[in-house]
Amino acid sequence: INAEYGDHSLSMDPQQHERRDKCLKEIRDFNSPDFLLLGPGPSNAHPRVLTVMANQQVGHLAKPFVRIMDEIQEMLRYVFQTENENTFAVSGTGSGAMEAALINVIEPEDVVLIGVCGYWGARQEEVITGAGGRVVKVESKLGSPLTLSEIEEAIQKHQPKVFVLTHGESSTGVLQPLEGVGSICRKNDCILVVDSVVPLAGCPLYVDRWEIDVCYSGSQKCLSCPPGASPITFGPRAVAKHQARKVPVVSAYFDLKNLQAYWLAKRYHHTAPINLFYALREALRIVLEESLENSWVRHRRCAEKLWANLEALGLEFFVSNTSDRVPVLTTVKIPQALISNGQGLTLPASLLSQFQIEIAGGLGPTAGLVWRIGLMGYNATEQNVNLISVALKKVLEDLNSAKL
């Protein structure tokens, strides 16, 4: 290629031309596999969500997009069950929303208590430490949530500025009760931050009623939307703590004052992932059309049917008490015989190759011990319960036959 660029002659190293030729030869059109995603997330996106994503972009401060932002905010207030003005979507995955939630209410040397029920406590600790906070922990028995008395005792002992709790722990499948926690935090002048990445729209959540100061989630679980536009809400106490900061937030991108400038004042902060916001808007419309109450009931009924089917297969649950389980994500103990012969970890791969169904193994403290089966959003149907039940039965029979 001989090309002129103004007064300059354009040339590249020969190996770069070779790279281009190789890429054009090897990288072909992409068509995604038709997998049924029944793991801990993402779930399959709703067809309406995929359709709306194909729309052309508009400017990120154009009137049509500003209207979309306002609509997203109002629908998120419904999904979170809150009147918080500072309710919007972070341009990033759920991990980005976690950072935004934590770094805005934590200053250097703040004592931050983490309620640990699995893997995500460690991830939260990374963010808190990076923001200069001093981490202390209260840990539940593995497979069980924390009790109110354990939480109150830990808060009174450590006197934290912030208490962080995971509503639905995706590594263990534990559902953490939240009612009453906010009241304890307020009595002890403590900000309550809740991770609801997994349960949002799939399990009851009342941000205002339960006195939650900050709550964040992701779009790719029960909202059945691609990841990248993550819901978050800041209550008045959290906003006041942010405004009273003595040192700047460690991230300009996730600084609440900059998010407020974009979402509330509609001033430039960053170029939003426009098509992902189209997708989130449509996903939220779908939730509202069904209603939260009906969505919660649908997810619970699907979970109960799945639990009954798994018990009929002779499988046991990592979370023994049904009231302690996240209905949208079930952790199943890998049978000891399959662990012993090394076949327990092969079952997800067999499901994928034979049935195009994706589930996951354990994470963190449950790695090598469980399979994780998700019924989230668009995927939470009786038909999918039957599909995964039949597929599991077949693969387990094959594995048991292979042992003989």
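**Overall build and selected elements of the predicted chain**

The mean positions of the 38 positive and 43 negative charges of the chain lie 1 Å apart. Lys and Arg count as positive, Asp and Glu as negative, while His and the chain ends are not counted. Each charge is placed at NZ of Lys, CZ of Arg, CG of Asp or CD of Glu. The model is predicted: local features need pLDDT of at least 70, side-chain atom pairs count only at pLDDT 80 or more, and totals for chains, interfaces and linings use all residues. Residues are numbered from 1 along each chain as its sequence is written, and side-chain values use heavy atoms, with hydrogens and water left out.

The chain holds 14 helices and 16 strands. These are DSSP runs numbered from the N terminus, with helices (H or I) of at least four residues and strands (E) of at least two. Along the principal axes, the C-alpha atoms fill a box of roughly 75 × 65 × 40 Å.

Of the 404 residues, 53% are buried. Buried means under 20% relative accessible area, exposed over 50%, and partly exposed in between (1.4 Å probe, protein chains only). The accessible surface comes to about 18,600 Å². Carbon and sulfur atoms account for 52% of that surface. Areas come from the Shrake-Rupley method with a 1.4 Å probe; for residues, only the protein chains shown count as cover. Among contacts (heavy atoms within 4.5 Å) between residues at least 6 apart in sequence, 73% join residues at least 24 apart.

Helix 9 spans residues 256–263 and is mostly covered, with 7 of its 8 residues buried. Among them are L256, Y262 and W263. The buried residues of helix 9 pack against helix 3 (63–80), helix 8 (236–243) and helix 10 (274–290). They also pack against strand 4 (86–91) and strand 12 (229–234).

An open sheet of 3 strands has the order 13-16-15, with antiparallel pairing. Strand 13 (329–333) and strand 15 (360–361) stand at the edges with a single partner strand each, so one side of each lacks a neighbour in the sheet. Two strands pair if DSSP finds at least two bridges between them. Strand 13 and strand 16 pair over 5 bridges. Strand 15 and strand 16 (residues 370–374) pair over 2 bridges. R372 in strand 16 is the bridge partner of T331 and also stands opposite A360.

Strand 16 has 5 of its 5 residues buried. In a regular strand the side chains alternate between the two faces of the sheet. Both faces of strand 16 are covered: V370, R372 and G374 lie on one side, W371 and I373 on the other.

V395 sits in helix 14 (residues 382–403). It counts as buried because its relative accessibility is 1%. Leaving aside neighbours within four places in sequence, V395 contacts L347, S350, L351, Q354 and F355. V395 and T93 are 302 residues apart in sequence and 33 Å apart in space, C-alpha to C-alpha.
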